[in-house]
Amino acid sequence: GQLAAGIRSESPYHVTGLFAAFDPPLPELATLNQRKGLPEGTGDGSGAYLWWVDYLGNMQRVPYATEGYGGFFVMGVLDRYYRPDQTEAESVELMRRCIAEAQTRVVVSNAWFSVKIIDKKGIRKVTL
């Protein structure tokens, strides 16, 4: 509502965003899947989610995303090295690669980055 109204107003604004979440398993779905004979943990509604929202309010679920000028360079690293089944340690290493790429390619580079993990344990800050 508010974003749609904002872009149609006399003073529109430009906002893009990334939204991440982790949903715990839903017991109702797990029970239903057990009755169907599906393996435990299949289709119970749990998992990590990332959504990208553009300035027009379009929302898309994505496996990974970038923002800003450095994001153009980092997206190539993610396209090449991201795997849906990678471990937490592999994900942290991938973030190191992404940061190194941004620092190498962007003329005015940021020396400080904030990396966080969002999973079933909650939200944790990662020191790289």
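Author: Here follow questions about the terms, each answered with a value and its cut-off.

Author: This is a predicted model, in which local features need pLDDT of at least 70 and side-chain atom pairs count only at pLDDT 80 or more, while totals for chains, interfaces and linings use all residues. Residues are numbered from 1 along each chain as its sequence is written, and side-chain values use heavy atoms, with hydrogens and water left out.

Reader: What makes up the protein chain, in helices and strands?

Author: There are four helices and five strands, in the order α-β-α-β-β-α-α-β-β from the N terminus. Helices (H or I, at least four residues) and strands (E, at least two) are DSSP runs, numbered from the N terminus.

Reader: How does the radius of gyration of the protein chain stand against that of a compact globule?

Author: The protein chain has 18 Å, whereas a compact globule of 128 residues would have a value near 14 Å. The radius is taken over C-alpha atoms, and the globule rule is 2.2 Å times the number of residues to the power 0.38. The C-alpha atoms fill a box of roughly 55 × 40 × 25 Å along the principal axes.

Reader: Why is L78 called buried?

Author: Buried means under 20% relative accessible area, exposed over 50%, and partly exposed in between (1.4 Å probe, protein chains only). L78 has 4%, so L78 is buried. This residue lies in helix α3. Of the 128 residues in the protein chain, 21% are buried.

Reader: Which residues does L78 touch, apart from those up to four places away in sequence?

Author: L78 touches Y64, A65, T66, L94, M95 and C98; contact means heavy atoms within 4.5 Å.

Reader: Which residues make up the largest nonpolar core?

Author: The seven residues are Y64, V74, V77, L78, L94, C98 and A102. The elements giving two or more residues to this core are α3 (71-81) and α4 (88-105). A second, separate core of five residues includes V92, I99, I117 and V126. A nonpolar core is a set of buried Ala, Val, Leu, Ile, Met, Phe, Trp, Tyr and Cys residues joined through side-chain atoms within 4.5 Å.

Reader: Why is the pair of Y69 and F72 called edge-to-face?

Author: Rings of Phe, Tyr and Trp (its six-membered ring) pair if their centres lie within 6.5 Å; planes under 30 degrees apart count as stacked, over 60 as edge-to-face and the rest as tilted. The centres of Y69 and F72 are 6.4 Å apart and the planes stand at 75 degrees, so the pair is edge-to-face. The structure holds four aromatic pairs, and Y69, F72 and F73 form one aromatic cluster.

Reader: Are Y69 and F72 buried or exposed?

Author: Y69 has 54% relative accessibility and counts as exposed. F72 has a relative accessible area of 66% and is also exposed.

Reader: What is the relative accessible area of D119, and is D119 buried or exposed?

Author: The value is 18%, which is under 20%, so D119 is buried. D119 lies in strand β4 (residues 115-119).

Reader: What joins the side chains of D119 and R124?

Author: They are joined by a polar contact of 2.9 Å. A polar contact is a pair of N or O atoms within 3.5 Å; within protein, one must be able to donate a hydrogen and the other to accept it, and residues adjacent in sequence count only if both atoms are side-chain atoms. The side chain of D119 also reaches the backbone nitrogen of K121 at 2.9 Å.
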